[in-house]
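Subject: Structure for you to look at

Dear colleague,

I am passing this structure on to you, together with some notes on what was found in it. Please have a look at the sequence and the 3D view first, and then read on.

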Amino acid sequence: MFRFAPYIWKTLWRHRTRSLLTVSGASVAIFVLCFIGSIQEGLNRMVQGEDAQRRLIVFQENRFCPTSSRLPEDYSRQIAQVSGVTDVLPIQVWTNNCRASLDVVVVHGVPAAKLPESRELRLIEGQWPAFVSRTDAAVVGRQFALRRRVRLGDQLTFGSMSVHVAGIFESDSSAEEDLIYCHLLFLQLAESQTAAGLVTQLEVALDPSAEPDRVAKQIDEKLRSGLVPTTTRPKGAFQTATISDLVDLIGYAYWLGLACVGLVLSLVATTTVMSVQDRVQEHAVLQTLGVRPGRVMRLILAESTLLCFWGGALGVGLAWTILTWGNFSVGAEGVAITLRPSSAMIASGLGISVILGSLAGIIPAYQATRTNLVSSLRQS
Amino acid sequence: MPLVEIRNLTKRFRKGDEIITPVLDLDLDIEKGDLLALMGKSGTGKSTLLNLIAGIDQPDAGSIAVAGTTITGLSRGKLADWRAAHLGYIFQTHNLVPVLTAYENIELPLLLLPMSNSDRRKRVNFALEVVGLSDRAQHYPRQLSGGQEQRVGIARAIVTHPTLVVADEPTGNLDEETSRQIQTLLQELNRQLGITLIIVTHDVDVASIAKRQLRLEHGRAIGPSQSPSAAFSGL
Ligand SMILES: Nc1ncnc2c1ncn2[C@@H]1O[C@H](COP(=O)(O)OP(=O)(O)OP(=O)(O)O)[C@@H](O)[C@H]1O
Ligand SMILES: [Mg+2]
């Protein structure tokens, strides 16, 4: 097969404009496919992590946007009494945008001293004591810092508040890396002088034997008698419910992805059909010289697969570059899905383009070997 | 034993209700080293017979054996392998692959045979030399004249040292002068390299180089007719 590589290459090169257009068309579609795929991956990462299953979020009943949920901070003491609960972290959430957005800023105000132990964050710049001791201090996730070019010691201003960057952290969870943590009281007071003692949500850590759904039910029942009724869900379920509109949208994006696949398929198939129809006589000559029909078929499949693979490689490369440098996150209501390039994305992008390329070549390849040699030779 | 043995060969074409039988119950032997000219009026089935011998068409009845191999009834793939190893085909229009150089076009059939790179190079260079185009090896078909293209086509047909070379009106598209050069070349191939050649032609000059001339009429081969004038009167 490799002996015929120059022939394949020269054939594609002869119609370089056509080849180039096909490659670029395929690359755009594969790029979109990768982008959609990485949103899907980000969503999966968010809802399928260990944290997502083993931690509960207590939120005000029937509220969705973090700005509208208000729970007494001292609910945490009552929740801590429920069996199976090992820790409760009150969180005040601030976000720049309650609607879906490609650049969400989400600030979590938490009891500063508790943060290092309740989250698996590794500071890559700065020190924990510096964060704990300064009331207007904040630690910033790596992704966010990259996206907004935040550096240690910077002063960040959101709305009416301004925080001092005392650390930049990384985490195994990409969603975490998109967050900013600051002192709970600082955030409460920044929002309103009367907000002290009120939080957006409470995050509950469970002991390994506890059953998340049962504990959630118990918490809601226990707090039913309190001032504000609550809804408690595993963190993953909470996040999916919070951004359910976005999740629906991502579901539709799947169809868009399928459309991309169809687009690549028809584009490459069209090019290959044209190329084969141009060369009916040439393929008959090859067969007259003794090239087996099966080999002619493989030559044509190689052409379509190469075109598609190059398009795919270009699209994947483009997606990889843009996702790496863009540090995008799509989010709504204080929950963000981070978009990251992954090896799975690269592998599936390339894999899909190879498969599409060979599929696109099947019909023209088959046609080329089914024609009558004598009459094909007469054509010119 | 003759190199090519054709027995009771019949080929029919259906055109609507009409049935055309350009080859009917034909028997023909061709000896090794022969140079045979197939002549006859247009539409008498010369190309049809040649394509059957070349194994790119299948008869409705009868058999063709070349060097002991019965090629009628072989599968498409087997026939392709047989052509690669045993047949050289010279087309009327050269039919070179436009994206490949003269050298690469000639090399093409060798890629199908088990052969070392250096042997392949030697064979191609020798074939180029035979047709007198060593200095045009790296030219593309569009950079060659019609006669040069036909020479490349001939080199491609002989490069594998085939058992049999067939040519369908090899000079049909060439002017008189070039046609004469090609005739000389074909005659040399037959005389000096001992290549067995079957040439379909209308041209009495081309036929004159043949050791044997046959005329096709009503599906049968008539001959041998030795004199060019006899062939001429049949046109
Ligand atoms: N595929 C086909 N379908 C129907 N009829 C065909 C087909 N191929 C050839 N024929 C008919 O068979 C007859 C012989 O054709 P062939 O091409 O062998 O003639 P030829 O002797 O080579 O003619 P020419 O000298 O003009 O090249 C013709 O009448 C032609 O119309
Ligand atoms: Mg003919």
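In this predicted model, the element that gives the most to the shell around ligand 1 is H1(B), which contributes three residues. Helix H1 spans 46-53 of chain B, and strand S1 (4-15) and strand S2 (18-30) of that chain, like the helix, each supply at least two residues of the shell.

Altogether, 15 residues surround ligand 1, and the closest are B:Ser42, B:Gly43, B:Lys46, B:Ser47 and B:Thr48. Although these five names belong to chain B, the site is shared between chains, because residues from both A and B surround the ligand. Sorted by class, the shell holds seven polar, five charged and three nonpolar residues.

Several polar contacts can be followed in the 3D view, each of them involving an oxygen atom of ligand 1. A polar side-chain atom of B:Ser47 lies 2.7 Å from such an oxygen, while a polar backbone atom of B:Gly43 is 2.8 Å from an oxygen atom of the ligand, and for a polar backbone atom of B:Gly45 the distance to a ligand oxygen is 3.0 Å. Ligand 1 would expose 630 Å² if taken alone, and the protein buries 73% of that area.

As for where the ligand is found in the model as a whole, ligand 1 sits in the second largest pocket.

With best wishes

Notes
Residues numbered from 1 in each chain as written. Chains lettered and ligands numbered in written order. Predicted model: local features only at pLDDT ≥ 70, side-chain atom pairs only at ≥ 80, totals over all residues. Heavy atoms only, no water. Near = heavy atom within 4 Å. Polar contact = N/O pair within 3.5 Å; in protein donor to acceptor, adjacent residues only side chain to side chain. Areas by Shrake-Rupley, 256 points an atom, 1.4 Å probe, with all protein chains shown as cover. 1 Å grid on protein atoms, 1.4 Å probe; cavity = no way out; pocket = protein on both sides within 12 Å on 5 of 7 lines; lining within 4 Å. Sits in = over half its atoms within 2 Å of the grid points. Helix = DSSP H or I, 4+ residues; strand = E, 2+ residues; numbered from the N terminus. Nonpolar A, V, L, I, M, F, W, Y, C, P; charged D, E, K, R; others polar.
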